[in-house]
There are 2 protein chains.
Amino acid sequence: MQHTRAAAVRDVARHDRAVTVPLADLARDADVRALREVLDPAIQQELLDGLREGRARELVEALDPDDRARLLDEMPAMVAQRLPAGLSPAERAATAALLGYPEGSGGRMMSPEVAHLRASLAAAEALERVRALGRQAETVYALPVTDDERRLLGVVELRDLVLAEPDARIVDLMGPEVHRAAAADDQEYAARLIQEADLVALPVIDGEERLVGIITVDDAMAVLEREASEDIARGAGTEPLDRPYLSSSILFLARSRAIWLLALILAATLTVNVLDAFEGTLAEVVTLALFIPLLIGTGGNAGAQSATTVVRAMAVGEVRFSDLGRVVLREVRVGMMLGAIIAAVGFGSAALFAGTDIATALCLSLFLVVTWATLAGSPLPLPARRAGLDPAVVSAPLITTLVDATGLVIYFLVARAVLGI
Amino acid sequence: MQHTRAAAVRDVARHDRAVTVPLADLARDADVRALREVLDPAIQQELLDGLREGRARELVEALDPDDRARLLDEMPAMVAQRLPAGLSPAERAATAALLGYPEGSGGRMMSPEVAHLRASLAAAEALERVRALGRQAETVYALPVTDDERRLLGVVELRDLVLAEPDARIVDLMGPEVHRAAAADDQEYAARLIQEADLVALPVIDGEERLVGIITVDDAMAVLEREASEDIARGAGTEPLDRPYLSSSILFLARSRAIWLLALILAATLTVNVLDAFEGTLAEVVTLALFIPLLIGTGGNAGAQSATTVVRAMAVGEVRFSDLGRVVLREVRVGMMLGAIIAAVGFGSAALFAGTDIATALCLSLFLVVTWATLAGSPLPLPARRAGLDPAVVSAPLITTLVDATGLVIYFLVARAVLGI
């Protein structure tokens, strides 16, 4: 987080010390909660203008690390509370980065311009407040309800507010469940929550349960769309395009694929090693070569199937790392089932081209390779995410290539045994 | 449509002739618009109860085909207008099918329980109507505005209604653009429209521009999610699971993959044919076999990349059939670029295992195969959709397998030429 903040801070051009001195004093105050009381509106405004105009470097650099940390703990709520309307996306991104929200976090995607209601209000007063806020707020369809400390208590839907008796209490209009995300949470988590709970918007809170922003359903859709595009692209060994296909340059398109293609061809040299080791067997029975593409192709397909299925199940939140054991167990059984079917078909087609001996060898190999590929494809994505990688990175193409090499070993060992070479 | 309607009608169990006779008379009336006037509320209600309770067979069967057609043209608006609240999803599906909306159409996904406003209302009156409708309506955040003929004029957002002066005219509060989908339109089209225009809901109209229902953003998210899952699954040669992975039976998982695996292994027998034809060459220079997996693997990856890129670009609406020429042109150039890079790497690795002759053959083959695969992968998805197939069906795995066979032909022809066999 320190690094993302620094990155945003590097953008800063202009200089201005007006804000930093009072801030330094404030931050030194042990009680962070006191910050908001101590900070007088004028200076607060100045600070916020400072944030908006990107005069952030001094603001951060003027403080000792620990003071800075304490200040930045406090700022989100402070900023969210008084942030002027109409920040440009760039300004918002800079502010979010400054506030220490990591890349891809809810804090980066939320809007701090949130219309919230005090629990003590009556419906009529609340509607008045909504009218007063007018267009500033990102949305008024979901209205977070907070206490005097700006802590999130719940959410009232505008629909319920409009339908309520004028003197109804806001607390009584809140939905039963309080859906929320932390500013540090992953964007995809927040987006899924919005989708699964059919929300129009989701409140975002800081480490102290205080409302700092809101994420709307259209932002959630965009996130899920981007994630899907990423998984689809990586599932085929290419990087997602961050711009429309037809307006991407040829060079850009090539670059998005070259890295993967190179990584995969290097992995594929494994297969050359294997075949090199078995060249003797191959020289003796050249016919064995006829079925190499069919065998490894089928193995690759089986591996891609299980890897992709697991990656997707993870993406939609059906499978977690703790399910690793269950997943492997299921895929072994699926693999054996598929292996049996494929082996039967393989025997038939092989018998036509080669003798029954080679057909037998191929048949056995197909069973083992399909089972092995299906098994091998399934577990890898899970530890991948654990390691902080996109699970889709270790999906289809990588599995396929690795399965190719191991599949060949199986094939030749089986063939030797069956043909008695 | 006739068939889907029939399907819904087949479900009908109970009998009741009360509704059909007046309907038959009505449908015979040449002027469909007259229907609503002629139809007195009591009978209308009866008709609608008839629809709800599935007493639909007689209702349809009692009419001559042309009367029936005319009646069914008229019904959506009629039904939408008076459909009682609280239809179960099953009831809704049955009604939608009866009304002749095809599978996967907006008509199937919309809710007929739409809160709409007359253009003549003032803001205060409109808010009153929203309160009166209370919970019946699917959503009150987007309020379609209609004329007396129930024709769609525009949409007012509840936000603007709440913020408006009490005496403001509804027509003046409508958004500048009128987003809408036809009941027969594809669900994905409607969902994309909601996403791209950041709508909370989208009005659905019939063939005569009359409001028949509304599609909400949460339904749109579900559709896009399903489409993404489909593309991801088919992109890896497996059918999407319509239930969570961990709660799918092993047999079900195997079935979702077996069909593809079989189709692909049959396609893969092509490679056996090719190698069989070149067995002589192979016997002469066994070393050529060492690079078969690397060559076809790389070709397959390149094909998968371009196919997947194009399929995704189509899915998000960036590429249409009319772009076919441009897509092919771009992919040829991308392919040649990638081919050149890969060929260079391939030469190096081949030179280690085999002589420079074979390395040269491989190097040339890699260039041609990668270019060809990249080119071959891109155009196929476009005509596929034209033919009414899911473009993802002809994506990665199929391309890969087809490229394998052609890649081998290229490889051996080049090898023969280079090695002078």
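So, salt bridges between the two chains: there are 6 of them between chain B and chain A, counting a side-chain nitrogen of Lys or Arg within 4 Å of a carboxyl oxygen of Asp or Glu. Before I go on, this is a predicted model, where local features need pLDDT of at least 70, side-chain atom pairs count only at pLDDT 80 or more, and totals for chains, interfaces and linings use all residues. Residues are numbered from 1 along each chain as its sequence is written, chains are lettered from A and ligands numbered from 1 in the order written, and side-chain values use heavy atoms, with hydrogens and water left out.

Okay, back to the bridges. B:Glu331 pairs with A:Arg257, closest N and O atoms 2.8 Å apart. Then B:Glu225 and A:Arg312 form a salt bridge with their closest N and O atoms 3.8 Å apart. B:Glu225 sits in helix H13 (residues 217-235) of chain B and A:Arg312 in helix H17 (residues 292-315) of chain A, so that pair joins two chains; helices here are DSSP runs of H or I, at least four residues, and strands are runs of E, at least two, numbered from the N terminus. Both B:Glu225 and A:Arg312 are buried, meaning under 20% relative accessible area, with exposed over 50% and partly exposed in between (1.4 Å probe, protein chains only). And A:Arg192, A:Arg312 and B:Glu225 are joined into one network by salt bridges that share partners.

What about the interface as a whole? Well, 103 residues of chain B are in contact with 103 residues of chain A, contact being heavy atoms within 4.5 Å. Together the chains bury about 9200 Å², 69% of it on carbon and sulfur atoms; that's the accessible area (1.4 Å probe) the two parts lose on being put together, summed over both. On the chain B side, B:Arg159, B:Tyr245 and B:Leu246 lose the most area to chain A, together 9% of what that side buries.

Now, the inside. The largest nonpolar core has 108 residues, and those with the most contacts inside it are A:Phe291, A:Phe412, B:Phe291 and B:Phe412. By core I mean buried Ala, Val, Leu, Ile, Met, Phe, Trp, Tyr and Cys residues joined through side-chain atoms within 4.5 Å. Leaving out residues up to four places away in sequence, A:Phe291 touches several residues, including A:Phe353, A:Tyr411 and B:Val272. There's also a second, separate core of 62 residues, with A:Ala164 and B:Leu121 among them.
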